[in-house]
Amino acid sequence: MSEVSGIAVFRQPYSDEVTLVVQKEGTPAELFSCAELNGRSGFVIAPFEVKPEQPILLIHPDKMEQMSLAALAALPLEIPVTNGIGMTGATRMHYAIDFANEHSQLELGTFQKIVLARCVDETPQNFQKPLDFFLQACELYPRLFIALVWTEKSGCWLTATPEILLKGEGSAWQTVALAGTMKLEGEQLKYDAPLKDVPITWTTKNIQEQRMVATYIAECLEQYASDFSEEGPSTVRAANLVHLRSDFSFTLPDNTHIGNLLQSLHPTPAVCGIPKKSAFDFIVRHEHTPRCYYSGFMGMLDPQAQTFLYVSLRCMNIEQGVCHLYAGGGLLKDSVEEQEWQETEAKLDTMRRCIAIKNK
């Protein structure tokens with residue numbers, strides 16, 4: 001393939017087709033607030049924290065093509081990767097320090113909730129092309145949105161995420177409040193979605209966390225939607241984990257200002273905290289590992305057709321010879337450090353499985 005400045009390949013949940021987006025002319029637009037997405041279209045990759053060296057990027061599709069996974073695998077598609085910058089992941093000790101800092105603020109009442117994230121570096125024995133990791137993710141996780149994105153500014157990122165940030169077309173739109181996490185084990189792994197009959201008992205902590213996120217989403221929608229309805233929460237599966245999810249459907253009288261709604265929604269309490277601004281400020285000042293494009297969002301934005309943007313959970317930054325895997329979890333006042341650490345370990349397994357398949 002000739003020189004390109006931006007590539008995205010993605011698969012919607014439960015779909016048998018993938019979509020390839022390629023920009024050849026110019027470079028992806030660099031934006032510095034979600035509001036700048038008003039009236040624009042293209043494939044978006046947005047970071048958790050927007051800053052000059054880490055902007056929102058909008059890939060303009062000079063080429064956009066749907067195909068089967070087999071057809072994609074047969075393409076001579078090279079996704080660039082930069083040389084590995086070395087170990088960037090936080091240690092167990094760093095996590096303990098971050099937990100203590102955030103938990104002390106929860107006990108003081110500074111936050112009702114705050115999300116603690118971490119990064120771990122994996123060095124596959126037989127490093128594969130990024131496209132191979134994408135194909136493995138599609139095979140492993142039919143329920144999830146899978147995307148592989150590269151721009152020179154962002155580097156190469158793979159995500160397999162269950163969380164819709166914003167989806168819709170015309171005046172009909174959807175979003176979700178996703179929070180709370182439990183690992184499926186034993187007989188539970190036999191169940192598929194929906195999970196109405198799975199014997200799962202949610203803890204008070206998980207129920208409270210999900211309710212906080214749902215309340216925040218409802219407050220955001222009240223500012224922009226002419227009406228909205230909420231269904232749930234229900235239990236949904238993502239890889240070997242389950243989450244609590246509430247679904248919101250709403251009407252947007254004016255979809256030319258989607259960027260303003262995104263500015264209000266992102267980052268949601270599912271990846272940040274409550275109150276949003278003080279939690280966000282604390283995270284960017286104190287977390288040991290910068291999140292980069294983890295816990296941002298990505299997907300297609302097109303006010304004139306269909307928009308589907310997903311929160312970038314269960315993701316990794318792929319460099320030559322090393323994969324930087326990210327995961328996080330919501331902390332409340334009664335959170336226990338070891339339990340939260342184990343939750344991040346379970347979430348990291350989503351990306352680890354994509355790497356491990358090729359190293360057996």
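**Cavities and helix packing**

Trainee: How does the lining of the second largest cavity split by class?

Mentor: Five residues there are nonpolar, four are polar and none is charged. Nonpolar means Ala, Val, Leu, Ile, Met, Phe, Trp, Tyr, Cys or Pro, charged means Asp, Glu, Lys or Arg, and the others, Gly among them, are polar. Keep in mind that this is a predicted model, where local features need pLDDT of at least 70 and side-chain atom pairs 80 or more, while totals for chains, interfaces and linings use all residues. Numbering starts from 1 along each chain as its sequence is written, and side-chain values use heavy atoms, without hydrogens or water.

Trainee: Which residues line that second largest cavity?

Mentor: Leu165, His266, Pro267, Thr268, Val271, Ser295, Gly296, Phe297 and Val311 do. A cavity is a set of points on a 1 Å grid where a 1.4 Å probe fits but cannot get out, and lining residues have an atom within 4 Å of a point. The second largest cavity holds about 30 Å³, a volume being the space filled by probe spheres set on the points.

Trainee: Switching to helices, what angle do α2 and α7 make?

Mentor: Helix α2 (residues 92-108) packs on α7 (residues 337-356) at about 125 degrees, with the axes 11 Å apart. So α2 is oblique to α7.

Trainee: Which residues make the contact?

Mentor: Arg92, Tyr95, Ala96 and Phe99 of α2 meet Glu337, Glu338, Glu340, Trp341 and Thr344 of α7, contact being heavy atoms within 4.5 Å.

Trainee: How does α3 sit against α7?

Mentor: The axes of α3 (residues 130-140) and α7 come within 9 Å, crossing at roughly 120 degrees, so α3 is oblique to α7. Phe133, Gln136, Ala137 and Leu140 of α3 touch Arg353, Cys354 and Ile355 of α7. That contact has five nonpolar, one polar and one charged residues.

How values were computed:
Axes are lines fitted to C-alpha atoms, for helices over the stretch in contact, and angles run from 0 to 180 degrees between N-to-C directions. Helices (H or I, at least four residues) and strands (E, at least two) are DSSP runs, numbered from the N terminus. Angles under 35 degrees count as roughly parallel, over 145 as roughly antiparallel, 65 to 115 as roughly perpendicular and the rest as oblique. On a 1 Å grid over the protein atoms alone, a cavity is a set of points where a 1.4 Å probe fits but cannot get out, and a pocket is an open set with protein on both sides within 12 Å along at least five of seven lines; lining residues have an atom within 4 Å of a point.
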